[in-house]
Amino acid sequence: LALLALGMAGCGPRTATIDATLTDYKFTPAEWTFPAGAEVTINLKNEGSFLHEWVLMNNGTEVSVPFSDDDEGNIFWEAEVEAGEEGTFTFTAPTQAGEYQIVCGTEGHIEDGMVGKLTITP
């Protein structure tokens with residue numbers, strides 16, 4: 001029993017923090033990596049002139065251009081921040097390792113290059 005407790009001591013929840021700035025029209029940084037199933041805190045700062053979104057698409061999903069209602073079913077998680085505002089959000093990362101597309105779903109922003117990538121490690 002003591003060995004089991006000792007072995008489980010290092011098995012606490014995995015956490016990750018993302019600090020991202022959203023401008024017209026990019027994410028800074030534009031790539032992130034963290035472990036599968038991590039509890040993620042994301043701090044978004046919108047320094048742009050428009051509403052911006054940080055939209056995590058499902059694994060293997062590429063959004064259509066332009067972003068449309070057809071893409072809504074392929075969203076894993078999303079947050080939005082008004083121009084000049086900041087927001088802190090929490091979500092649980094996907095449990096499947098792989099590369100996930102990040103986009104801004106605001107009309108025209110994907111076409112202007114507001115995309116990123118999230119890599120989930122096992």
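**View 1. Salt bridges of the predicted model.** The structure contains three salt bridges. Their side-chain pairs are Glu-31 with Lys-117, Glu-47 with Lys-45, and Glu-99 with Lys-117.

**View 2. The salt bridge between Glu-31 and Lys-117.** The closest N and O atoms of Glu-31 and Lys-117 lie 3.9 Å apart. This pair connects distant parts of the chain, with Glu-31 in strand S3 (residues 31-35) and Lys-117 in strand S9 (residues 115-121), 86 residues apart. Glu-31 counts as exposed because its relative accessibility is 53%, where exposed requires over 50%. Lys-117, at 26% relative accessibility, counts as partly exposed.

**View 3. The salt bridge between Glu-99 and Lys-117.** Here the closest N and O atoms are 3.6 Å apart. Distant parts of the chain are again linked: Glu-99 belongs to strand S8 (residues 98-103) and Lys-117 to strand S9, the two residues being 18 residues apart. Through salt bridges that share partners, Glu-31, Glu-99 and Lys-117 are joined into one network.

**View 4. The salt bridge between Lys-45 and Glu-47.** The side chains of Lys-45 and Glu-47 meet with an N to O distance of 3.4 Å.

How values were computed
Residues numbered from 1 in each chain as written. Predicted model: local features only at pLDDT ≥ 70, side-chain atom pairs only at ≥ 80, totals over all residues. Heavy atoms only, no water. Salt bridge = Lys/Arg side-chain N within 4 Å of Asp/Glu carboxyl O. Helix = DSSP H or I, 4+ residues; strand = E, 2+ residues; numbered from the N terminus. Buried < 20%, exposed > 50% of the residue type's maximum accessible area, 1.4 Å probe, protein only.
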